[in-house]
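Hi everyone, and thanks for coming. I'd like to walk you through a structure that may be new to you, so please have a look at it with me.

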Amino acid sequence: MLRVDPTSGKAKWTGSASFKSIASAVLSILIGLIVGAIIVVIVGLVSPEISNKSIGEGMKLVLFGVLSTGRNAAGQLSFGFNAVNVGNMLFRAMPLLMTGLSVAIAYKTGLFNIGASGQYLMGTTGTITTALVLGNTACPKFIVWILAFAAGVLLGALWGAIPGIFKAYLNINEVITCIMTNWIAANLVSWWFEAHDVFKNAAEGGKVAYTIPLKNVGVVTPKLGFGVLTPGSQANGGFWIACLIAVLMWVVMSKTTFGYELKACGSNRHAAKYAGINDKRNIILSMVIAGALASAGASLYYLSGNTEFYWSTYMSLPPEGFNGIPVALLASNHPIGVIFAGIFMSMLNIAGLQLKYLTPYNEYIADIIIAAIVYLSAFSMLFKEILNRREKKSGKHVGPNANAEVENRKEFNEKEVVDMIEAEEMAENDETSAEYDAKMKAKEEAKMAKGGTV
Amino acid sequence: MASEYVIEMNHIRKEFPGIVANDDITLQLKKGEIHALLGENGAGKSTLMSVLFGLYQPEAGEIRKNGEVVKITNPNDATALGIGMVHQHFKLVDVYTVLDNIILGAETAGPLGFLKKKEARKKVIELSEKYGLNVDVDAKIEDITVGMQQRVEILKMLYRDNEILIFDEPTAVLTPQEIDELMAIMKGFAKEGKSILFISHKLNEIMAVSDRVTVLRKGKYIGTINTKDTNKQELSNMMVGRPVQLEIKKDEAKPKDVVLKVENMSVPSKLHKNDAVRNVSFEVKQGEIVCIAGIDGNGQTEFVYGLTGLEKMSGGKITLCGKDVTNSSIRQKSDIAIAHIPEDRHKHGLVLANTLEENLVLQGYMEERFQKHGFIKFDKVRDYALELIDRFDIRSGQGPVTVTRSMSGGNQQKAIIAREIDRNKPLLICVQPTRGLDVGAIEYIHSQIIKERDNGAAVLLVSLELDEVMGLSDRILVMYEGEIVGELDPKKTTPQELGLYMSGAKRDGKEEK
């Protein structure tokens with residue numbers, strides 16, 4: 001009987017699966033960029049004020065905007081390492097990374113956290129309030145920093161707990177409660193800052209509905225190396241903290257009994273309950289963690305010091321929250337992948353700004369391109385599926401487990417496959433999984449045939 | 001010259017990439033006969049039927065109707081040739097009436113598109129009376145029993161004037177009495193000149209009703225024999241390819257201390273206001289297998305949920321190994337004494353998205369040997385998984401890292417059984433442990449359960465399979481409408497008597513009026 005070597009078996013399996021995840025993410029990014037470039041061309045062609053030269057430049061900027069260093073003396077676009085762009089890219093990646101992490105972890109535990117925006121707002125409020133109140137006291141600034149961070153995270157965690165509690169005890173879909181808590185948060189936050197003049201930035205004339213930047217009270221995240229790496233940019237140590245949290249979440253989710261419980265609960269609540277896992281508690285904890293992560297993104301962003309919060313948000317929700325969804329999707333919900341997906345998304349942002357500054361394209365074009373890529377990132381699942389199918393059909397294997405597969409294939413010949421009608425029936429509900437099941441069943445039986453029912 | 005056969009499938013070969021699902025299979029159905037198609041799961045029965053219905057085109061071979069070669073390219077062709085099928089899982093619209101379901105897809109309508117229900121109704125009632133089906137045409141599907149639903153499926157075939165009737169595992173969902181009735185109906189059809197193809201792996205039924213049997217194994221044609229010239233043992237050997245132990249062999253039970261004591265247990269129902277389990281009391285001792293028998297839906301599921309803690313009880317007391325665990329959590333109960341092979345292996349038994357090794361420690365991941373300070377010791381989990389895979393012969397594509405969703409049902413069940421038996425708990429609860437499995441796997445699982453009993457475990461078996469109930473248990477408790485209506489000794493009772501209890505016709509030794 002054939003038995004895959006256990007140690008190499010593991011390597012083969014994860015190797016293949018993560019290969020597909022990465023391949024599908026790269027594929028959707030590439031297609032997204034191409035679509036973006038096509039939009040640039042079309043807009044360029046229909047706009048009389050945009051010359052053919054500008055169209056070419058626009059396409060270059062969409063692809064390499066982050067490396068743009070402006071224009072040289074001859075008026076040509078120049079490219080090279082742009083510390084400000086790169087630093088700002090990482091800085092803007094920071095909150096995206098955290099909301100992406102929030103969505104990804106919730107997803108891994110079977111929950112769709114569309115409430116990251118609300119949690120982000122609550123984190124913002126907790127952090128700014130604490131920092132501005134304590135910043136004027138004699139309390140050492142680094143302690144204020146820690147307390148402000150903690151307050152933001154705590155508030156976001158509590159906010160995340162609400163949909164969790166509704167889901168666990170009343171079985172109300174978390175999507176509905178998340179959307180509602182988003183708007184409650186938006187209004188709550190507007191009211192809070194409206195009602196308290198101490199937080200309003202009255203010093204600078206002409207600014208309405210902005211909070212006082214935290215640098216005014218001396219609460220600023222240290223640069224932790226970014227002063228040297230990317231001088232002149234907004235990047236600071238918060239980026240390292242975000243990366244650290246991502247690694248930490250990866251360890252928790254994949255190495256600990258706690259992560260095991262959360263994932264078991266997420267994949268099959270009934271089986272988790274059967275195994276004595278407290279499913280209700282775990283659902284709430286998942287949402288608490290998701291809320292804490294999203295709000296940590298906000299805390300890190302505003303603790304940078306020079307960021308101001310536009311608090312009159314009752315009409316809109318912060319985009320960072322929703323952008324966490326495509327970030328998580330692009331990363332196939334892998335905590336480490338989220339780091340890269342977050343950076344990529346903010347890279348597009350920087351490219352958009354360059355497009356606006358250096359060409360006649362206006363800023364909205366950049367948003368359209370980003371939207372196209374975000375939209376296509378949702379396709380990464382589809383691409384993954386296509387990769388799977390190709391593999392099935394052609395018998396060629398993308399992953400490094402091709403040898404084992406080929407060996408299985410030889411044994412197929414003696415074998416019957418599929419409960420086809422069953423598969424057909426199942427297909428009505430879930431085509432891909434049925435196909436997959438049937439296929440695996442065949443493989444399984446092939447093995448039994450060879451192993452011999454002795 | 002007209003052929004002796006109404007339908008012939010000659011030398012059918014159907015390949016899927018790299019696999020031969022049907023290898024030179026011949027199936028010849030005579031007019032007016034009941035022909036059984038026998039084979040284990042994955043033997044090629046369903047593929048063959050799919051070819052007959054035009055869902056697949058065979059690579060080789062031909063299909064003949066009354067001796068003439070026919071081409072079947074889609075299910076409509078099959079219907080036009082008078083072939084109809086009752087699927088194992090009924091294809092009925094729950095909220096429609098019986099009549100609406102029967103005419104669905106074969107409606108006759110007037111010029112303005114209005115349905116001509118009156119004619120349809122008359123025809124259905126006539127058919128129902130002619131074959132003694134006793135179906136209420138105006139009842140909604142959701143309100144009638146599974147047995148009646150099956151008759152609706154049969155009526156669907158008759159309404160379409162099908163001459164060739166295929167029954168796919170028709171008895172899986174029926175009570176013994178309903179099975180007898182179905183057999184009579186099938187014989188009636190055969191007498192009328194209709195031809196029946198009866199797909200099954202239940203040997204008793206095949207012996208009872210069929211005229212001839214065709215056996216398939218692993219995609220190959222093994223042979224066709226007259227039922228009266230063979231016996232169950234020969235058929236099962238043909239089907240499995242090796243001698244199979246059909247009778248469950250076990251020694252006399254030697255019950256010792258009481259492990260589980262249930263007093264006046266009641267469990268609420270999810271479907272209605274009354275309790276699904278009412279006032280149930282019994283004991284299970286070390287070294288005995290006690291079986292809760294009953295027709296599906298008589299409170300067995302809720303009973304097990306209440307016992308294990310998946311549902312809250314509405315009353316009663318449970319004592320496990322001398323400890324009152326009435327209000328204990330699932331984890332506490334399972335730590336003290338319960339190993340549980342759940343009824344639904346996909347819902348409760350496994351996290352299908354996880355790997356085999358992760359599932360093998362689903363109950364034990366928090367134990368000292370698998371974790372340290374909350375970190376899972378993956379190397380220990382791997383060693384343990386390899387050991388169980390070896391000991392219980394769990395077969396899968398990639399060993400411990402196989403995603404359980406991709407494993408066959410039998411091996412998924414083996415994984416659960418391995419996990420639960422290895423926990424060595426004083427009480428083993430097995431709920432329908434062999435559901436949907438084939439003969440070889442059933443034989444293995446039964447032997448494991450008996451081994452557990454002989455090792456001193458108290459075994460509580462909940463089963464719908466009469467053979468399993470009669471063969472495996474040392475004591476039988478019959479559950480009917482949430483109550484225990486009788487205790488039987490399997491050595492002194494008959495399946496018929498058991499059936500009377502299960503259907504509520506008999507209670508505590510007395511016939512119900």
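Let me begin with a question: what do the buried residues of α13 of chain B pack against? They pack against three elements of chain B, namely α12 (356–360), β18 (375–376) and α14 (409–421). Before I go on, please keep in mind that this is a predicted model.

Helix α13 of chain B covers residues 378–392, and at 1.5 Å a residue its 15 residues should span 21 Å; the end C-alpha atoms are 21 Å apart, which agrees. Its buried residues are B:Val381, B:Tyr384, B:Ala385, B:Leu388 and B:Ile389. Looking down the axis of α13(B), you find these buried residues within an arc of 135 degrees, so they line one face of the helix. There is a general point behind this kind of pattern: an α-helix has 3.6 residues a turn, so residues three or four places apart point the same way.

Eleven residues from domain 2 of chain B and nine residues from domain 3 of chain B take part in the contact. On the domain 2 side, helix α15 (residues 439–454) of chain B gives the most, with four residues. That side of domain 2 divides into five nonpolar, three polar and three charged residues.

What about the cores? The largest nonpolar core has 187 residues, and B:Leu427 and B:Val478 have the most contacts inside it. Its largest share, 15 residues, comes from helix α11 (residues 279–302) of chain A. There is also a second, separate core of 61 residues, which includes B:Ile34, B:Phe53, B:Ile63 and B:Leu216. Coming back to B:Val478, and leaving aside neighbours within four places in sequence, its contacts include B:Ala293, B:Ile484, B:Leu498 and B:Tyr501.

Let me turn to chain A, which has 17 helices and two strands. Buried residues make up 51% of its 454 residues. Among its contacts between residues at least 6 apart in sequence, 74% join residues at least 24 apart.

Here is one residue to look at: A:Ser117, in helix α4 (residues 116–135) of chain A. Is A:Ser117 buried or exposed? A:Ser117 has 28 C-beta neighbours inside 10 Å, so it counts as buried. A:Ser117 and A:Gly324 are 207 residues apart in sequence, yet 9.0 Å apart in space, C-alpha to C-alpha. Beyond its neighbours within four places in sequence, A:Ser117 is in contact with A:Asn182, A:Leu317, A:Pro318, A:Gly321 and A:Phe322.

My last stop is B:Glu40, in the loop between β3 (34–38) and α1 (45–52) of chain B. With 23 C-beta neighbours inside 10 Å, B:Glu40 counts as buried. B:Glu40 and B:Lys202 are 162 residues apart in sequence and 9.9 Å apart in space, C-alpha to C-alpha. Leaving aside neighbours within four places in sequence, B:Glu40 is in contact with residues including B:His201, B:Met239 and B:Asp438.

Conventions. Residues are numbered from 1 along each chain as its sequence is written. Chains are lettered from A and ligands numbered from 1 in the order in which they are written. This is a predicted model: local features need pLDDT of at least 70, side-chain atom pairs count only at pLDDT 80 or more; totals for chains, interfaces and linings use all residues. A nonpolar core is a set of buried Ala, Val, Leu, Ile, Met, Phe, Trp, Tyr and Cys residues joined through C-beta atoms within 7 Å. A residue is buried if 20 or more other C-beta atoms lie within 10 Å of its own, exposed if 12 or fewer, and partly exposed in between; C-beta atoms are placed from the backbone. Two residues are in contact if their C-beta atoms, placed from the backbone, lie within 7 Å. Ala, Val, Leu, Ile, Met, Phe, Trp, Tyr, Cys and Pro count as nonpolar, Asp, Glu, Lys and Arg as charged, and the others, Gly among them, as polar. The expected span of a helix is 1.5 Å times one less than its number of residues. The arc is that of the directions from the helix axis to the C-beta atoms.
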